[in-house]
Amino acid sequence: MQTRAASLPLMCLVTALAGFVVTVLLPALPLVRAPRTLTEELRRGYAVYLREGCAQCHTQQVRIPEGRFGVVARSGDLGEASRLGDYAHLNPTALGTVRIGPDLARVGSRITDPEELLRLLREPHRRTPPGRMPSYAYLSDAELRALVAYLMSLK
Amino acid sequence: MLGWMFTDEPWSPSRRFLYLGAAWGVLAVLHELAASLHLVFPGIFGDVSWLSYGRLMATARDLWIFGFCSNLLLAALLAIVPSTVREPLWGVRLANLAFWLWNLAELLAWWDLLRGISRGRLWGEAPPSVDLLRLAAALVVLGSLVRTVRAGKRGDPVAWLGTGSVTGLVVVLVLGKGLFTPGGNPYWGIMDALAQAFFRQGLGWLWLFGAASAVALSFTGGRLNAGNGNSSLALVVLVTTAAFAPFSTGSEFIWGPVPFWTQTVGAVASVLLLIPVASTAAGVWRALEGQWARLSESPGLAFFPVGSVAFLFGALGSGLASLLGPARIAGLTLWTEARTALLLGAGAGSVALGAAYVLIPAAIGRMLISPRLAWWHFWAWTGGWFLAVGALLLAGLVQGAVWATGTVPFGHGANAVAPYLATRAIALGLVALGQVAFCWNLFLTADSGIEVPAGERDLVLAV
């Protein structure tokens with residue numbers, strides 16, 4: 001009985017460690033990383049996304065209760081709930097913690113015209129109704145196009 | 001020059017950390033004010049890259065945590081640890097070295113983040129070179145404090161808590177930022193998301209809350225003769241914070257794309273963090289019991305109950321938001337920002353300012369020149385944060401309610417919170433005015449305050 005009581009904390013520790021290895025550590029290892037990798041242009045776009053702090057306002061995580069239900073413009077267009085593997089190829093990740101602007105995890109499914117996204121980044125005040133999105137017109141054309149390409153890849 | 005930089009004058013490290021903490025505090029709140037104006041008047045700063053919202057927010061947060069709060073809390077720790085163990089600070093020159101390293105790192109972080117040079121992480125964005133400078137400074141301070149505690153004439157849990165919080169800072173920097181591989185970020189995918197969350201939670205709980213708790217318990221206990229009781233509470237804070245804070249990481253992702261067990265562990269740890277927070281609040285309020293009138297004598301002391309209440313409500317909000325039901329409504333809304341404002345702004349910031357005011361006579365050697373201006377600072381600060389947190393909490397609830405309908409477009413919800421964001425900007429304006437008043441008061445005090453006799457400087461902190 002005493003031996004069982006003594007081994008209980010050890011069992012808990014081993015279980016917790018095994019859970020951590022299987023669910024967190026293994027998916028993060030390069031060998032089992034999702035095959036989806038960023039092309040050179042997408043990598044440049046993602047770098048701009050990180051550098052300009054887009055994650056300060058936009059999340060990239062659709063939570064379970066809002067999957068297929070959440071709204072950006074129309075009912076359900078927030079997309080399916082995000083999965084663990086969606087981020088396996090990213091270093092660093094940009095899940096974000098607060099939504100001042102809409103979630104971008106599936107933005108490429110909502111906006112199908114890259115030019116529309118480009119206009120939104122350059123002249124957000126021309127949108128109707130005008131939102132709170134700041135202008136990114138100070139970015140170079142190449143940087144803007146890379147950013148748009150990256151955003152369009154989020155589906 | 002080197003003699004001046006690395007002087008062995010006993011109060012020099014605390015004094016220097018105090019001066020620069022005050023200066024960074026003004027810059028931090030001005031950056032945050034500018035960022036909040038972006039959300040009220042989009043396009044207000046035109047197309048200036050270094051004034052864009054994302055860069056301003058990242059810089060403001062870095063300046064607030066590492067520049068303002070950390071400098072003032074380090075100033076206080078370097079004073080209270082020697083005072084509680086009744087032993088002069090070991091390695092004053094080394095503590096001065098830590099001061100230069102820490103603030104050189106802050107200067108570089110400010111410059112880099114505004115120029116868009118970052119690690120691309122939500123909070124810990126400064127480049128690795130800055131992090132390595134910060135780590136070196138933290139290790140030097142830790143070494144100095146540990147040697148002082150070991151040489152001390154009495155063991156005191158407040159000193160252990162203060163030293164433990166610096167240890168927490170070192171651990172958070174190394175693990176949260178992956179500094180064990182200086183060549184780059186070793187974390188990928190969800191592991192990186194959890195590491196970033198560990199960095200945010202660890203910085204808030206293990207470092208800022210731990211240090212703030214030690215400072216608040218020490219200063220209120222010492223000044224109001226409740227030292228022994230507060231020492232036992234410090235032990236409770238030390239043990240429970242160290243036990244629960246590292247596991248609260250998963251609470252940031254309730255219903256999110258991380259393994260469910262990390263969410264459960266995070267939620268439980270997040271609720272249990274109420275224990276150290278309530279212990280700190282109990283220590284501060286017990287010390288004040290029956291002596292509330294003494295608060296009116298010292299604006300510095302008045303900051304401590306404000307800080308402890310802010311921590312209490314912040315922890316309560318975090319615990320609540322980590323439960324499955326409330327998380328559906330409050331998750332990812334501006335409620336998150338409200339909790340951050342409570343814990344890092346009103347909580348850690350208030351205790352840091354309280355410590356600064358109490359330290360002034362000892363560290364600078366002059367009496368505060370204008371208590372009246374200090375009271376203006378106190379009311380602008382307290383009123384500002386009350387308004388900002390209230391506005392953000394309400395905005396979060398509005399957002400959550402709109403999202404829960406499943407029919408109202410996101411833009412409508414975003415427009416509905418516009419008045420709350422405007423209120424937050426006004427509130428930050430108040431906080432900024434208070435910070436400027438503090439700096440001005442500090443400058444006038446250093447320039448022409450009444451001198452405190454050399455023999456009495458230590459008595460200010462007598463515990």
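Predicted model: local features only at pLDDT ≥ 70, side-chain atom pairs only at ≥ 80, totals over all residues.
Q: How far apart do the C-alpha centres of domain 1 of chain A and domain 2 of chain A lie?
A: The domain assignment of chain A places domain 1 at residues 1–32 and domain 2 at residues 38–152. Taking the C-alpha centres of these two domains of chain A, the distance between them is 36 Å.

Q: Which helix gives the most to the side of chain A that touches chain B?
A: In the contact between the chains, 52 residues of chain A meet 51 residues of chain B. On the side of chain A that touches chain B, helix H1 (2–28) and helix H2 (40–51) of chain A each supply at least two residues. The helix that gives the most to this side, with six residues, is H1(A).

Q: How do the residues of the side of chain A that touches chain B divide into nonpolar, polar and charged?
A: The side in question belongs to a contact in which 52 residues of chain A take part, together with 51 residues of chain B. By class, the residues on the side of chain A divide into 27 nonpolar, 16 polar and nine charged.

Q: Are H2(B) and H3(B) roughly parallel or roughly antiparallel?
A: Helix H2 (residues 12–40) of chain B and helix H3 (residues 53–85) of chain B have axes that come within 7 Å and cross at roughly 155°. Because angles over 145 degrees count as roughly antiparallel, the relation of H2(B) to H3(B) is roughly antiparallel.

Q: Is the crossing of H5(B) and H6(B) left-handed or right-handed?
A: Helix H5 (residues 128–151) of chain B packs against helix H6 (residues 157–176) of chain B at an angle of about 155°, and their axes are 9 Å apart. The two helices, H5(B) and H6(B), are therefore roughly antiparallel to each other. As for its hand, the crossing of H5(B) and H6(B) is left-handed.

Q: How many nonpolar residues does the contact of H5(B) with H6(B) have?
A: Residues that make this contact include B:Leu135, B:Leu139 and B:Leu142 of H5(B), and B:Val166, B:Val170 and B:Leu173 of H6(B). Besides three polar and two charged residues, the contact of H5(B) with H6(B) has a number of nonpolar residues that comes to 14.

Notes:
Residues numbered from 1 in each chain as written. Chains lettered and ligands numbered in written order. Domains from an automatic or database assignment. Axes fitted to C-alpha atoms, helices over the stretch in contact; angles between N-to-C directions. Helix = DSSP H or I, 4+ residues; strand = E, 2+ residues; numbered from the N terminus. Parallel < 35°, antiparallel > 145°, perpendicular 65-115°, else oblique. Left-handed = near helix turned anticlockwise from the far one by under 90°. Contact = placed C-beta atoms within 7 Å. Nonpolar A, V, L, I, M, F, W, Y, C, P; charged D, E, K, R; others polar.
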